Amino acid sequence: MRLTLIENALDSLREALDKVALAQIDARAWKFAVLNVVHTVELVIKYRLQKEHPLLVWADVDRPKQTVSLQVALERLQRVGVTIDAADQDAIRAAIHWRNNITHYETEFLLAEVQANFLVIFEFLDTFYKREFGEDLTSHLDGNHASIAAGLIADFRRVDVTFQGRPMRRSWPAQLLAAQRVLELMLDGVLYKRIRHGDELESGDEAIPRYPTPDTCHDCEARVGDLHGPGCDSERCPRCSGQLLSCACNFEAPANW
Ligand SMILES: [Zn+2]
Ligand SMILES: [Zn+2]
């Protein structure tokens, strides 16, 4: 099983890198690159869990039939003391969301954002593997794939930028700006207007704390009056007033998300 996980992870990574190469000719290939790199992350995280204890990869340890979801795997990993920084968690979370909604992006896929997110995830994968297993993941690749990977690592080292006076990851401003165009969300088949940063109190839900609104959102850096960025943990669900990220409403990802 151990061998299987890492071998499958490498297969997914090779597939992702093939799509990256293809994306130079056809930008739509980025979305398949994302699908594959998320799958790679999933397998590498499970591989790390397995190193901690073989049973940890199973959803139900008493009935080892189905392995855990990526989300649960991430949570378990942190519970056993392996840290994953917030920015990386955001990127992975956004990618899980994209993966689950990939068919919605056939026509209006924001490739620049997907590309930026791919790079954050790829970089996470690279550093995580090195840190947790003491070797380069890319050392298992043939020359062609290794050189595509090296190109990614060199070109897209994470660099913070300043946007609207706030420091943030380079990929984030584009995502935050794109989020401003998504005014409504389809929740359980009904369109709702999204709740802006600072408007949370107007949702009419007693349960929402009435603390003063910070000038910028702690998670996504949206300013008061702006819409939150994709995957922000502060955004309220306009249907149930819960946390949009975790509420039970069925969320259909709009284009540009
Ligand atoms: Zn936010
Ligand atoms: Zn909801």
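This is a short tour of the model, stop by stop, from the whole chain down to single residues.

**Whole chain**

Start with everything shown. This is a predicted model, so colour by pLDDT before anything else. The mean pLDDT of the protein is 82, and 83% of its residues reach 70 or more. Select strand β1, residues 160-163, to see where confidence is lowest, at a mean of 64. Then select β4, where confidence is highest, at 94.

Switch to cartoon. Seven helices and five strands make up the secondary structure. Along the sequence they follow the pattern α-α-α-α-α-α-β-β-α-β-β-β. Of the 257 residues, 31% are buried. Take the contacts between residues at least 6 apart in sequence: 63% of them join residues at least 24 apart.

**Helix α2**

Select residues 29-52. This is α2, with 24 residues. From first C-alpha to last it reaches 35 Å, close to the 34 Å expected at 1.5 Å a residue.

**The largest nonpolar core**

The largest nonpolar core holds 40 residues. Pick out V34, V37, V41, F118, I121 and L125, which touch the most other members. Now colour the elements that give two or more residues to this core: α1 (2-23), α2, α3 (70-79), α4 (86-100), α5 (111-133) and α6 (143-155). Which of them gives the largest share of this core? That is α2, with 11 residues.

Centre on F118. Leave aside its neighbours within four places in sequence. Its contacts are then W30, A33, V34 and V37. An α-helix has 3.6 residues a turn, so residues three or four places apart point the same way.

Select L176, which lies in helix α7, residues 172-179. L176 has 24 C-beta neighbours inside 10 Å, and therefore counts as buried; the cut-off for that is 20 or more.

Which residues does L176 contact, beyond its neighbours within four places in sequence? They are C220, E221, A222 and G229.

**The three-stranded sheet**

Finish with the strands. Show β3, β4 and β5. They form an open sheet in the order β4-β3-β5, with antiparallel pairing. The edge strands are β4 (190-193) and β5 (251-252), each pairing on one side only.

Zoom in on β3, residues 184-187. Four bridges pair β3 with β4, and two bridges join β3 to β5.

Select M186. What stands opposite M186 in β5? The residue there is E252. In β4, the bridge partner of M186 is L191.

Last stop: the hairpin of β3 and β4. Two residues lie between its strands. Select D188, which takes a positive phi near 50 degrees.

How values were computed. Residues numbered from 1 in each chain as written. Chains lettered and ligands numbered in written order. Predicted model: local features only at pLDDT ≥ 70, side-chain atom pairs only at ≥ 80, totals over all residues. Pairing = 2+ DSSP bridges. Expected span 1.5 Å × (residues − 1). Buried ≥ 20, exposed ≤ 12 C-beta atoms within 10 Å, placed from the backbone. Contact = placed C-beta atoms within 7 Å. pLDDT = per-residue confidence, 0-100. Core = buried A, V, L, I, M, F, W, Y, C linked by C-beta atoms within 7 Å.
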